[in-house]
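Keep the viewer open as you read.

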Amino acid sequence: MNASDLVLDDLELELRKLPGVRSAGFDARDELLIVQLHVAPGVTSEGSLPLAATRIAARHADRPVAVEVVRWRESSESQAAAAPAAPVAPAPAPAPTEMPAAAPAEPEPKRLRLLAVLSFPDTDELEVHLILDGRRTIGRAPASRGLVAALDATLAAIADFELDFTPTPRWARALESAQEEALIAVALDEGEGGERVLYGVASGATPIDAAARATLDALNRRVSRI
């Protein structure tokens, strides 16, 4: 057993202590460690579980980390056993010979999703991990730039998606909030000319996490129209 196996063993033991986590899997692709958590049915910690897992993985891993959550479903047999027996329904009436055509389902709009925001004080580096249509990207920026670093890293990550616009950061501001989480508002110039401004606001566990989410809030308003 080599050192990396020992690190993954320790990482798996710590991840399995999180509420609802039944197992954890790992896959190393290029310079990215992908952590897949298998979660029991009924666990509702949608936001806190991936964040907690990312922080744990970042302490153990020697490379950037992305976390996926796989939620298990109850088997049909167990659902049938738990459900009371249904009364016998009368036979349905004959269907009409002509049925109106069902309206075609509208495709879901494109949306950028945040996988992780990782800060490395030793190297003054901030990383933002994104996913769009199954493609993953990583953007980096100097962490010492504060809130603007989260904007820079997020915009660096979307550059690989080759969108039809080139946003640039204008400003980022902390807002007062009654909640414990940080609340950040951002503004982006949609193009180099600055003729149109995109605004976003979001909360997060830390100011840089909230700034990255606010940047995506601004970008998704534009990406959804592509």
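## Terms and overall make-up

Contact here means heavy atoms within 4.5 Å. Helices (H or I, at least four residues) and strands (E, at least two) are DSSP runs, numbered from the N terminus. This is a predicted model, in which local features need pLDDT of at least 70 and side-chain atom pairs count only at pLDDT 80 or more, while totals for chains, interfaces and linings use all residues. Residues are numbered from 1 along each chain as its sequence is written, and side-chain values use heavy atoms, with hydrogens and water left out.

The protein has five helices and nine strands, in the order α-β-β-α-β-α-β-β-β-α-β-β-β-α from the N terminus. Of its 226 residues, 33% count as buried; that word means under 20% relative accessible area, with exposed over 50% and partly exposed in between (1.4 Å probe, protein chains only). Among contacts between residues at least 6 apart in sequence, 49% join residues at least 24 apart.

## Helix 4 and its packing

Helix 4 has 12 residues and reaches 17 Å from its first C-alpha to its last, close to the 16 Å expected; the expected span is 1.5 Å times one less than the number of residues. Its buried residues are A149, A150, L151, A153, T154, L155, A157 and I158. Against which elements do the buried residues of helix 4 pack? They pack against strand 5, strand 6, strand 7 (168–175), strand 8 and helix 5.

## Two nonpolar cores

A nonpolar core is a set of buried Ala, Val, Leu, Ile, Met, Phe, Trp, Tyr and Cys residues joined through side-chain atoms within 4.5 Å. The largest one has 31 residues, of which L112, L114, V128, L130, I158, L188 and L219 touch the most other members. Strand 4, strand 5, helix 4 (147–158), strand 8 (182–189), strand 9 (197–204) and helix 5 (207–223) each give two or more residues to this core. Helix 5 gives the most, with eight residues. A second, separate core of 18 residues includes L11, V21, A53 and A61.

Leaving aside neighbours within four places in sequence, L114 is in contact with V128, H129, L130, D209, A212, R213 and L216. In helix 2 (residues 48–60), the buried residues are L49, A53, T54, I56 and A57.

## The largest pocket

On a 1 Å grid over the protein atoms alone, a pocket is an open set of points where a 1.4 Å probe fits, with protein on both sides within 12 Å along at least five of seven lines; lining residues have an atom within 4 Å of a point. The largest pocket holds about 940 Å³ of space, a volume filled by probe spheres set on the points, which are joined across faces, edges and corners. Of its 35 lining residues, the closest to the centre are P50, L114, L115, A116 and R213. Strand 4 gives the most to this lining, with eight residues.

## Two positive phi values

D124 has a positive phi of about 55° although it is not a glycine. D124 lies in the loop between strand 4 (113–120) and strand 5 (125–132), and is partly exposed at 33% relative accessible area. Phi of D133 is also positive, near 55°. D133 sits in the loop between strand 5 and strand 6 (135–142) and counts as exposed, at 58% relative accessibility.
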